[in-house]
Structure formats: structure tokens, C-alpha cells
Amino acid sequence: MTLLVTGGAGFIGTNFVRHWRSERPDEDIVVLDALTYAGIRENIEGLDGVDLVVGDICDTALIEKLLRDRAINRLIHFAAESHVDRSISGPGAFVQTNIVGTQSLLDAAKTVWLDDGSGRPHRFHHVSTDEVYGTLSPDDPAFSETTPYTPNSPYAASKAASDHLVRAWHRTYGLDVVTTNCSNNYGPYQFPEKLIPLCIGNALTGKPLPIYGDGNQIRDWLYVEDHCRGIVAALEQGEAGETYNIGGGAERTNIDLVNALCAEIDSALAADEGLAARFPDCPAAHGGDTSFLIEYVADRPGHDRRYAIDDSKARRSIGYAPEVAFAEGLEATIAWYLGRR
């Protein structure tokens, strides 16, 4: 069977496509991606059984054609504008892609899978975020699937709206849907505007490592390969209409995360003279401490203080559990970026 993956040339989508092909080499994938700034053709180019279609998820007719012509009965929806800073400066693109685009996909799926009367089993898997739940105080319990939605950024609000649309298409029309809300992802292929790849790139070139506010904002970090495993579990074992939180069980303050990243870079360059020669502007290339590059900057508006995921439902219902410890994942991520630069 063929799988349609929207946003499959982006960060999480790329990792999922590669994960799926390695686990299911006999099942083809159609990737639909607009190849905007964060969608990179080279991420999936040359992969056997992967067909890239360059197009917009707001093009409902295109989606219908793909679902019909390729006999697709499973759709995983990654495509989204996702950077909070960009949503603050330009929320319109987030409304268009994340809300209108999701409606377009749902309309196409309803037309082909339900209205045409094929009777074929199907599934629409919507990939969302823990940011829809808002922010937590230090002593608050972690987000569960029943936590009320209180999004605080234009990005989070647009994702919350898309979550509600997916639920409505299930409740109103009977579309088979599953939603997963994940915590902060990290790993290979992440676009460098996000915290970890930004700090890796800046550290290696001797540029400041910007930390918002006091740096004590807390995030639950999820290695992207673990997220891919969670998505597969929900896609194949999740109950129609249900939501599953996918977490990494690794709460860290931003400043602790960046200090750990700096220490790992220091160790890597100290152990490999070749790396030190390749990155002469990094303090570690000369025996210095990369953490000296940390620079505190003004906090962004509406910055959520803490995210934390309670993934007990996913563990209990679909057998999900993260396998990669944070230290292991961070080391692998830095090694990947060192090898690519």
C-alpha cells in the first residue's frame, strides 16, 4: 500500500520517511511538499520507493487526485509552519498553512474516502504539538490528552485550530483520524532556526549562542527517531478519533540544554584534531570553553515557561515508549551536524 506524507521533506517528515522505508521497504511513499524554506529536496532525494510531488496542501484538487490515482488510504500530515518566532512576526502564513491547509486535506480525504463510497479502510494521521496546551508552572502536572487547550502564540493557536478541525471531521463525517501531540523534537535534518541546530552552527563558527530571557524555560526533549516510532504506533494501533501524547521524558531548561551541547562540542573537538582544524573559530578548537559564547537576549513575547508531556496513555494503549536517552540523542545529533558541515 502507498502512504501519503505531507511535509515529508521537512525535519520530522524527512526522518519519518527514512524510518518508514527502512522498516517497510516494500511500501511506497508519496511525499507532498511545497519545498518552502524548510523543505529540502535533497533530504529525501534518491530514496527508493519515494516519489516527491511538489505542491501545496491548500490545493484540494491535487490532494484528491493523488488519493485516487495512487490508491492511497493512509495520510500522515506533517506539513506546517512551525517556528514560533516567525509566527509572531507573520501570523498570516501560519493561519493559511496550518488551518486552511489542514481543512483542504480533510476535505479531499472526505471526498475520496467517504463521499465516493469506496468503502475502503483509511486513516488520516494528524501530527500536532504540545504547545496547544499552553504553559505550565514548575509544580503543575504534565500535559495529558484531556488538558484544556490554551495556546499562547500564533503558531500554537493555528495548530490548536487544526486539531479541532481533525476532531470535527471525525465526529461529524466519520473520517478515521488519529492525532498525536509531541514535545520538542531534535535530531538530524532540523532546520537551523531551531535552538539545537542554531547553537551547533553558531558554536562551530564562533558566533553568540542566544538564550531568551533567563534561560530557565523548560522543554521536554524528544529524539526524532523516537517520535517516528510513536507515529507508527498510533497510525497502526491507535483508536479512531483518539489523541495520543508523544513525549521524550527529558525535561531540561534551555540554559542546561545549551551548556550540555557546549560540553559535547568541547569533547568532540578535543578528541579529534581534524574537527578542530575544520572549525578554527570554535573556542574548543583552541582548548577554550564553547559555553563562553552564550549570550542572554531579550525574551520573546508570550514565551511559554514550561512544557511537559504525560505519555502514559500512549504507553498503555499503543505500546509507545522512548528508547533514546537525552545524552545519547544529543551526542548523535551533534555528530550528525559535525559530519554535514
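Modeller: Contact here means heavy atoms within 4.5 Å. The model is predicted.

Colleague: At about what angle does helix H7 run to E9?

Modeller: Helix H7 spans residues 224–237. The helix lies across two strands, E7 and E9. Its angle to E9 is about 75 degrees.

Colleague: Which strands stand at the edges of the open sheet?

Modeller: The sheet has three strands and mixed pairing, in the order E7-E9-E11. Two of these have a single partner strand each, so one side of each is left without a neighbour in the sheet. They are E7 (184–186) and E11 (251–253).

Colleague: What does the twist average from one strand to the next?

Modeller: The open sheet runs in the order E7-E9-E11. From one strand to the next, the twist averages 50 degrees.

Colleague: In E9, which residue is the bridge partner of Asn184?

Modeller: Strand E9 covers residues 218–223. E7 and E9 pair over three bridges, in the parallel sense. The partner of Asn184 in E9 is Trp221.

Colleague: Is His19 buried or exposed?

Modeller: His19 is found in helix H1, residues 11–23. Buried means under 20% relative accessible area. His19 has 7% relative accessibility, so it counts as buried.

Colleague: With which side chain does the side chain of His19 make a polar contact?

Modeller: Leaving aside neighbours within four places in sequence, His19 is in contact with Cys228, Arg229, Val232 and Glu225. The polar contact is side chain to side chain, at 2.6 Å. The partner is Glu225.

Terms used
Residues numbered from 1 in each chain as written. Predicted model: local features only at pLDDT ≥ 70, side-chain atom pairs only at ≥ 80, totals over all residues. Heavy atoms only, no water. Pairing = 2+ DSSP bridges. Helix = DSSP H or I, 4+ residues; strand = E, 2+ residues; numbered from the N terminus. Axes fitted to C-alpha atoms, helices over the stretch in contact; angles between N-to-C directions. Buried < 20%, exposed > 50% of the residue type's maximum accessible area, 1.4 Å probe, protein only. Polar contact = N/O pair within 3.5 Å; in protein donor to acceptor, adjacent residues only side chain to side chain.
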